[in-house]
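Here is a short note on the structure, written as numbered points. Please read each point with the model open beside the text.

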Amino acid sequence: MPSIIRVSGLTKTYESGFTALQNVDLDIHRGEIFALLGPNGAGKTTLISIICGISSPSEGSVQADGFDIVRDYRAARSKIGLVPQELCSDAFENVWSAVNFSRGLFGKPSNPEFIEKLLRQLSLWDKKDAQMRELSGGMKRRVMIAKALSHEPDILFLDEPTAGVDVELRKDMWEMVRQLREQGVTIILTTHYIEEAEEMADRIGVIRKGKILLVEEKQALMDKLGSKLLSIRLQQPVSQIPAELEEFNLQLDAEGDTLSYRYDSRQESDSIARLLRKLTEQGLEIRDLHSSESSLEQIFVSLVHEKEQ
Ligand SMILES: Nc1ncnc2c1ncn2[C@@H]1O[C@H](COP(=O)(O)OP(=O)(O)OP(=O)(O)O)[C@@H](O)[C@H]1O
């Protein structure tokens, strides 16, 4: 598949001497939704800032739609829209001028029809005359997206687009991103929400400590990440796991009263029912059951652990 962004050997060392990116290679395919996942401080924003020309690379290069982001800065930048993590805007400016002004910054001639279409698509048309300070957080976020799209870029970066956004709005946001993709926009988003990556992304990249750990098709990665943990609290502690339960690969906690069973929630299976039956057969009475999904953080820890071994 042809690349729209090509990052080669990218290293960023801040003035403080801290190296936030180390020799990063990454290709983003034209027309895809790419999710960049990583714990806090992994280097996601640094990477996006360099690609968007806000911060300069120490080594390496980035091409955006064939334009080098340093040598052909203007051409490269005109291809890109960025929705930053922090919402920043003039509180007294109204929606229409904020979006129109952003378009002007890229030297694009004014195009009221296009801005109207954009605001309608983002359900902001009835707020076009409202000042930014009058909008809810979710609306402000949509204005940021409208600003980022105002110069008709082919590539859209969304840095934590749904952080602190309620479930309903998050779903709207996903729908909107899908529509943009259908219109041919390539989308790169960073997120901490596994559900978001799962719902949206075609491919996923995992970054940690400034290094790309892996880039995979979503399905392949989700198969790895999709484990759930069932904690079974027993009425009476046991000193060891009965051999009859070996197939379940259970863990027993230090107190001997909680068994943990890790299972793949994606695979249709009757393994939980079998496990519970076997526990009863072994005379182990259950006091409480609790099921939890592995958090992204846990998944990263295990991924990183795997990679470091
Ligand atoms: N201007 C700067 N000077 C020095 N160090 C910086 C600077 N900006 C970022 N860093 C450091 O670089 C590392 C990567 O930061 P970055 O903001 O890229 O991470 P992130 O993956 O976006 O994190 P988060 O998920 O918290 O937004 C962090 O350790 C951060 O402290």
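1. The bounds of a domain, as used here, come from an automatic or database domain assignment. The model is a predicted one. Its chain is divided into domain 1, residues 3-224, and domain 2, residues 227-293. Taken over C-alpha atoms, the centres of domain 1 and domain 2 are 43 Å apart.

2. Two open sheets deserve a look. Strands of a sheet pair through backbone hydrogen bonds, and the pairing is either parallel or antiparallel.

3. E1 and E2 are antiparallel and share 7 bridges, with isoleucine 5 opposite isoleucine 28 of E2. The two strands form a hairpin with 5 residues between them, and glycine 17 in the turn has a positive phi of about 95°. Towards E4, strand E1 (residues 3-13) is joined to strand E4 (residues 59-64) by 5 bridges, again antiparallel. Two bridge partners in E4 can be named: glutamine 63 for arginine 6, and valine 62 for valine 7. In a regular strand the side chains alternate between the two faces of the sheet.

4. The other sheet is open, with 6 strands in the order E6-E7-E8-E3-E9-E10 and mixed pairing. Strand E6 (80-83) and strand E10 (211-217) are its edges; each has a single partner strand, so one side of each is left without a neighbour in the sheet. From one strand to the next, the twist averages 15°. Strand E3 (residues 33-37) and strand E9 (residues 203-208) are parallel and pair over 4 bridges. Leucine 36 is opposite glycine 205 in E9.

5. Helix H1 (residues 44-51) touches E3, strand E7 (155-159), strand E8 (186-191) and E9, and its direction makes about 150° with that of E7. Helix H5 (residues 137-149) touches E6 and E7, with its direction at about 165° to that of E6.

6. Is H1 mostly covered or mostly uncovered? H1 is mostly covered, since 7 of its 8 residues are buried by the cut-off of 20 or more other C-beta atoms within 10 Å. The buried residues are Lys44, Thr45, Thr46, Leu47, Ile48, Ile50 and Ile51. After H1 comes glycine 53, with a positive phi near 75°.

7. Which element gives the most to the shell around the ligand? H1 does, with 3 residues. The residues around the ligand are Tyr14, Ser16, Phe18, Ala20, Gly38, Asn40, Gly41, Ala42, Gly43, Lys44, Thr45 and Thr46. By type, the shell divides into 4 nonpolar, 7 polar and 1 charged. Lys44, Thr45 and Thr46 are in the shell and are also listed among the buried residues of H1.

8. Phi values need a check in two loops. Most residues other than glycine have a negative phi. Aspartate 65 has a positive phi, near 50°, and lies in the loop between E4 and E5. Aspartate 65 counts as partly exposed because it has 19 C-beta neighbours inside 10 Å. Asparagine 249 also has a positive phi, near 55°. Its place is in the loop between strand E11 (227-234) and strand E12 (251-252). With 11 C-beta neighbours inside 10 Å, asparagine 249 counts as exposed.

9. Is proline 112 buried or exposed? Proline 112 has 9 C-beta neighbours inside 10 Å and therefore counts as exposed. Proline 112 and asparagine 100 are 12 residues apart in sequence, and their C-alpha atoms are 8.0 Å apart in space.

Note on methods:
Residues numbered from 1 in each chain as written. Predicted model: local features only at pLDDT ≥ 70, side-chain atom pairs only at ≥ 80, totals over all residues. Pairing = 2+ DSSP bridges. Axes fitted to C-alpha atoms, helices over the stretch in contact; angles between N-to-C directions. Contact = placed C-beta atoms within 7 Å. Buried ≥ 20, exposed ≤ 12 C-beta atoms within 10 Å, placed from the backbone. Near = placed C-beta within 6 Å. Nonpolar A, V, L, I, M, F, W, Y, C, P; charged D, E, K, R; others polar.
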